[in-house]
Amino acid sequence: MRLLKSIVYFIIALASLFYAIPRIPLFQGDLSAQIFAVTWILFALLVVGAHLDQLLFLDEEKRKQLARIKKYQRLKKEQEILHLQPKRIQMVQGKR
């Protein structure tokens, strides 16, 4: 599912870039229009590059490391919940 979303977003970003490039006033108009045009193109290229990276799996080791970190964080949260649960039971029983 994630791969399909990335493909769709990549195609949309690439299509919007190809559609907008001929229509953007890159060398016409005032300075603010040119700055906007260059900024828009750079952001569009950034989005296309990010989706291309996602599609090509360029940094597999980084993805594995992030998955390990997320798993560790989930385990830590579980341990905290399990550790705090007996204290809550004692507090409830003590108030009765």
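In the predicted model, the chain holds 3 helices and 0 strands, and its pattern along the sequence is α-α-α. The chain has 96 residues, of which 11% count as buried. Its accessible surface comes to about 8,600 Å², and carbon and sulfur atoms account for 67% of that area. Among contacts between residues at least 6 apart in sequence, 50% join residues at least 24 apart.

The packing of helix H1 against helix H2 was examined next. Two packed helices are described by the angle between their axes and the distance between the axes. Helix H1 spans residues 2-20, and helix H2 spans residues 31-56. The two pack at an angle of about 150°, with their axes 9 Å apart. Because angles over 145 degrees count as roughly antiparallel, H1 and H2 are described as roughly antiparallel to each other. Their crossing is left-handed. On the H1 side, the contact is made by Arg2, Leu3, Ser6, Ile7, Tyr9, Phe10, Ala13, Leu14, Ser16, Leu17 and Ala20. H2 contributes Trp40, Ile41, Ala44, Leu45, Val47, Val48, His51, Leu52, Gln54 and Leu55. By residue class, the contact of H1 with H2 comprises 16 nonpolar, 4 polar and 1 charged.

Ser6, in helix H1, has a relative accessible area of 4% and is buried, since the cut-off for burial is under 20%. Apart from neighbours within four places in sequence, Ser6 is in contact with His51, Gln54 and Leu55.

Val48 lies in helix H2. With a relative accessible area of 10%, Val48 is therefore also classed as buried. When residues up to four places away in sequence are not counted, Val48 touches Phe10, Ala13 and Leu14. The C-alpha atoms of Val48 and Ile12 are separated by 9.1 Å, although the two residues lie 36 residues apart along the chain.

Technical notes: Residues numbered from 1 in each chain as written. Predicted model: local features only at pLDDT ≥ 70, side-chain atom pairs only at ≥ 80, totals over all residues. Heavy atoms only, no water. Helix = DSSP H or I, 4+ residues; strand = E, 2+ residues; numbered from the N terminus. Buried < 20%, exposed > 50% of the residue type's maximum accessible area, 1.4 Å probe, protein only. Contact = heavy atoms within 4.5 Å. Axes fitted to C-alpha atoms, helices over the stretch in contact; angles between N-to-C directions. Parallel < 35°, antiparallel > 145°, perpendicular 65-115°, else oblique. Left-handed = near helix turned anticlockwise from the far one by under 90°. Nonpolar A, V, L, I, M, F, W, Y, C, P; charged D, E, K, R; others polar. Areas by Shrake-Rupley, 256 points an atom, 1.4 Å probe, with all protein chains shown as cover.
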